[in-house]
Amino acid sequence: MSEDEGPALRITKIGEDYHAAFAAMATPCEIRVQTADGALAERLGQLAQQEALRVEHKFSRYRSDSVVGRINASGKGGLLVDAETGDLLDFAQECHKTSDGLFDITSGVLRRAWHFDGSDRLPDPNRITSLMPLVGWRKVSWKRPHLRLLPGMEIDFGGLAKEYAVDLTLHRLMAVTTQPLLVNFGGDLRVSGPRSGGTPWHVAIESVQMPGTASGILQLSSGALATSGDARRFLLHDGIRYGHILDPRTGWSVKNPPSSVTVAAETCVEAGLTATLAMLQGADTEEFLKREIIRAWVIR
Amino acid sequence: MRRTLILLTLAVVMPFACACSEIGPRPWEKDLMARSEMQMNSYPVLGAAEDHIYFSREASSGGRGFAGGGCGCN
Amino acid sequence: MQLKERQAGDVRKRIARLSAGLLAASLAGHSKSAAAQYDSENNNFGPGIAYSQLDAALLVYQEAGGRVSATEPTLDLSVHGADGRQLSLGFVADAVSGATPNGAVPSNIPQNFLTPLRAKGSTATVTGASGGSTIIQLPPTPGQIAQAALGRQYTVPANTLPVDKGFRDHRGAFNFGWAQPLGGISEVGFGGSYSRESDYQAVTSNAHISQNLNSDNTTLSLSINGEFDSSFPFGGIPVPLSVMNAQWKSPTSRNKTQLGFVAGWTEVMSRWWLMQLNYAFDRQSGYQNDPYRVISVVDPGSGEPISSLYENRPLHRQGQSLFWDNKVDLNPAVTEFSFRYYTDSWNITSKTAEISEHVPLGNSFYVEPSGRWYQQSAASFFRYFLVGSQALPQYASSDMRLGAFTGLTYGAKIGYHINGRSEFYLKGEYYEQMGNRHPASAIGQLRQQDLFSGTNAAVIFAGYSWDFH
């Protein structure tokens, strides 16, 4: 491992489990394994850190040498992407269609207009209008493996990367051990199955009003959880709450979104995507979740 | 006659010659294909034993793999 | 802001499928690069292999009516290395014993059959009690090479299908295979096998090449194989259509070569339907007779067997088959159905249809009922018997393996996934053969006899599969 890999891996034993913690993707990451074998826990922690950092380095928009960095810097000629990036782009394209344009990985440029600092300062509408020509997946030329963006456009896998990393990491760890595992990258988590004896894992949902305390405990025996929403990033203007999730079709924030939506699904990618889509329904989040028969918890 | 033959051949070949579009499910639509039960010949040891039994009782062999049994039981 | 009107749960289901598919695609590609990372310290097989699979299995086969029974343990190891390289090794042993039809027809009076005594080192004991045969003193026969003084005689009761009960053999075989991607080609590989039993040896070799196209939806493959067999029966190779006798014969062995190829097309037809179409071509040249098998010559009036002649089959055989296999995922059950059509230069045509239904029960168990229907037509030289007054044909065999019959197999398998990486399964099958017991050509006493020498068999197969690093 090179020196700039970030903070070290911390292994601790808590109860029946070993916890391995590290930081990646600007978020605290942790894996838990129910085992008495410390060496195994260390190995698993290393593999998880490796995978999380691999995904981060490859898809981070902050690194000029990452795939995303090179895509965003590619000029009129576009560039060729590898199989994994191609799969993510295909996936993003299909999600764009399924969500009727709500999910759009080209919407990142809008962050230049929006500053979610809890204040009541809404962005200048002219600024948003000037950015809208750079937003919209249909403007992207994607003929696998060749990708071409219009000048000034950017793609951002931020809405997918953490959940994707969780799923890949879990699979990687499950190939090495059959002990019960839980992978949690900043609140997006997935378990390999129940704990030994069939007992579920206990997951606390962080309270929105009082961060750091639990507003509820979930019992998870299989699958993944992902949470969309962040109580700290919003704007409040004339009594209307503007969440940090923007509608790529208008450039504006979704009106009256919930504070957070936690979705349970089989994979973390599915949970994360569904949570994002649910948030984008604004006031209609609950109705969307009910109509789609999704297991979710909404905090308004 | 010759022209019809050429046109017929093109009609059969063209769909396969067109490299620009792809035929079949997209990679993300192949989730079910990843199941081990969806692989062809997912239990080769069982398949080989059954082939051996049929080879020793019947005149035909092969199909999935080579004909012949590599043993003297026929 | 509302998503378009759809069925309840449509969006969720679509997202679920897309996500599963993305991960499947990523993991498939990822395991190769992950394995490559893992393998950076060791370039060859050893620590750092991506995964391996060990399969151990036991087959027990029993025919009805005290006929053939066999036990066959197998062991298969398959090692998947970095960059798609694959090594496979397999071992098989089988022990076969019981009674097998000798090719003669039943008679209304007891019949005696004479065969050479087995060679030294044979595991068959020859006494009156075991195998139902007796050692007899042979009368001297002038003009025979390597005249034997002793022979083995067994008697078959009246109105019974003549079978040789002294049949017992062991066989051991191993096979190996190697496959890897090469340059732009998806996979190239080669392999071979060696099989040896007390009176037969077979050596095979094969090579294949396959290419994935169309985002891995299409796979085209071509494999060629060759086989060299040696038959060295007890008592030597009999002169075809000569009278059955106890003398040791010459030559002691004869060979057969086989060359063939299989062209295959596998296609992912849709998200839930996988299909394979194979065309196989096969040519065999050389000794293809069963050296122990005879055919009865019967009296044209009474239908009683007068003598038994060693069978004779052509030296060349060319066969082709078309095989179509389908796997359909009806989530959670998987249905497999296949058809095979076979035809060869011995005038045999056959049709095979198979179906099975894999049904998961809960997280760990599954059941899989299955069925197979098989129908074959007789070889041009197949005869139930020969008639004494008629000229001897050039080729003749009464081996029901070459005759017309229908075979039905009923099977049921259950499996248990012990954890994510090992599995135990048990399969039971019952194979029924049905053919013409009273062919129209039967004359005299043969009309009262059951001339069909096929039989039913029960099979049990137990297997254990284990994935490890």
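In chain C, 36% of the 469 residues count as buried, a residue being buried if 20 or more other C-beta atoms, placed from the backbone, lie within 10 Å of its own. This is a predicted model, in which local features need pLDDT of at least 70 and side-chain atom pairs count only at pLDDT 80 or more, whereas totals for chains, interfaces and linings use all residues. Residues are numbered from 1 along each chain as its sequence is written, and chains are lettered from A and ligands numbered from 1 in the order in which they are written.

The secondary structure of chain C consists of one helix and 22 strands; helices (H or I, at least four residues) and strands (E, at least two) are DSSP runs, numbered from the N terminus. Within chain C, 62% of the contacts with a separation of 6 or more join residues 24 or more positions apart, two residues being in contact if their C-beta atoms, placed from the backbone, lie within 7 Å.

Chain B, by its own count, has two helices and zero strands. Of its 74 residues, 45% are buried.

Chain C meets chain B through 66 of its residues, which are in contact with 35 residues of chain B. On the chain C side, helix α1 (residues 10-38) gives the most, with seven residues. That side comprises 25 nonpolar, 25 polar and 16 charged residues; Ala, Val, Leu, Ile, Met, Phe, Trp, Tyr, Cys and Pro count as nonpolar, Asp, Glu, Lys and Arg as charged, and the others, Gly among them, as polar.

The contact between chain C and chain A takes 25 residues from chain C and 29 residues from chain A. Here the chain C side has 13 nonpolar, eight polar and four charged residues.

Conventions. Buried ≥ 20, exposed ≤ 12 C-beta atoms within 10 Å, placed from the backbone.
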